[in-house]
Amino acid sequence: MLEHRLEQLVENTVVSLPEAHTGLVLVVLVGFSFSLSHVFSLLANRLKPRQILFHVLLDSLVLAAALLIASFINMVMIALHTQLLVEPKQFFNAIGGALAPGLFYVLVAAPYVSDLIAIAIWVLIHLNVVTLVHLRFGLPYAEVLPLVTPGYVVALVLIALLFRSSWRRSYDRLASEFRA
């Protein structure tokens, strides 16, 4: 039964995901904003404009994929818990709107207050997703929080891994220039 339900959910998602224009565009824009927050470190590493553009575009697509994976995890958890048919098109469009505070993640590049801004944006995103699921599915907050937290944690881990590798590459490049 569970296996059949998951297969049905995946099939519905594959079919209706291209119809989720609004949500997908917002997720890509949020990924782009996340990626732009590191432009100053790329500039400090004396990368050429073409290299910076490549890094920003590649990172933004990977970040958007991480957010989509987290959203898919949320959708699966909700579908399994509620036994309701979750319409992927509507869910991804709604989740895109819930991720809207991430559009301001570019402000994390600000000196001295960057960590505070990042934490505030991540908290706002999580609260938006919790509120969205609460309102959309009529679940109490006590049930919603454990349902959407795994997707949130996966997004944080994936994005932290990407940022860590990006920063490490940038610092290695800068260190190699100073050695030469």
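**Reading the cavities and helices of a predicted model**

Q: How many cavities of 30 Å³ or more does the count come to?

A: A cavity is a set of points, on a 1 Å grid over the protein atoms alone, where a 1.4 Å probe fits but cannot get out. Grid points are joined across faces, edges and corners, and a volume is the space filled by probe spheres set on the points. By this rule there are 3 cavities of 30 Å³ or more. The model is predicted: local features need pLDDT of at least 70 and side-chain atom pairs pLDDT 80 or more, while totals for chains, interfaces and linings use all residues. Residues are numbered from 1 along each chain as its sequence is written, and side-chain values use heavy atoms, leaving out hydrogens and water.

Q: What volume does the largest cavity have, and which residues are closest to its centre?

A: The volume of the largest cavity is about 110 Å³. Lining residues have an atom within 4 Å of a point. Here there are 14 of them, and A70, N74, L99, V129 and Y152 are the closest to the centre. Helix 4, helix 6 (114–137) and helix 7 (141–179) each give two or more residues to this lining.

Q: Which classes of residue form the lining of the largest cavity?

A: Ala, Val, Leu, Ile, Met, Phe, Trp, Tyr, Cys and Pro count as nonpolar, Asp, Glu, Lys and Arg as charged, and the others, Gly among them, as polar. The lining has 10 nonpolar residues, 4 polar ones and no charged ones.

Q: How many helices and strands does the secondary structure come to?

A: Helices (H or I, at least four residues) and strands (E, at least two) are DSSP runs, numbered from the N terminus. This protein has 7 helices and 0 strands.

Q: What distance does helix 4 reach from its first C-alpha to its last?

A: The expected span of a helix is 1.5 Å times one less than its number of residues. Helix 4 (residues 49–82), with 34 residues, reaches 49 Å, close to the expected 50 Å. Q83, with a positive phi near 60°, follows helix 4. Helix 6, with 24 residues, reaches 34 Å, close to the expected 34 Å. Just after helix 6, G138 has a positive phi of about 65°.

Q: Does S60 count as buried or exposed, and why?

A: Buried means under 20% relative accessible area, exposed over 50%, and partly exposed in between (1.4 Å probe, protein chains only). S60, which lies in helix 4, counts as buried because its relative accessibility is 3%. Contact means heavy atoms within 4.5 Å. Apart from neighbours within four places in sequence, S60 is in contact with G31, F32 and S35.

Terms used. On a 1 Å grid over the protein atoms alone, a cavity is a set of points where a 1.4 Å probe fits but cannot get out, and a pocket is an open set with protein on both sides within 12 Å along at least five of seven lines; lining residues have an atom within 4 Å of a point.
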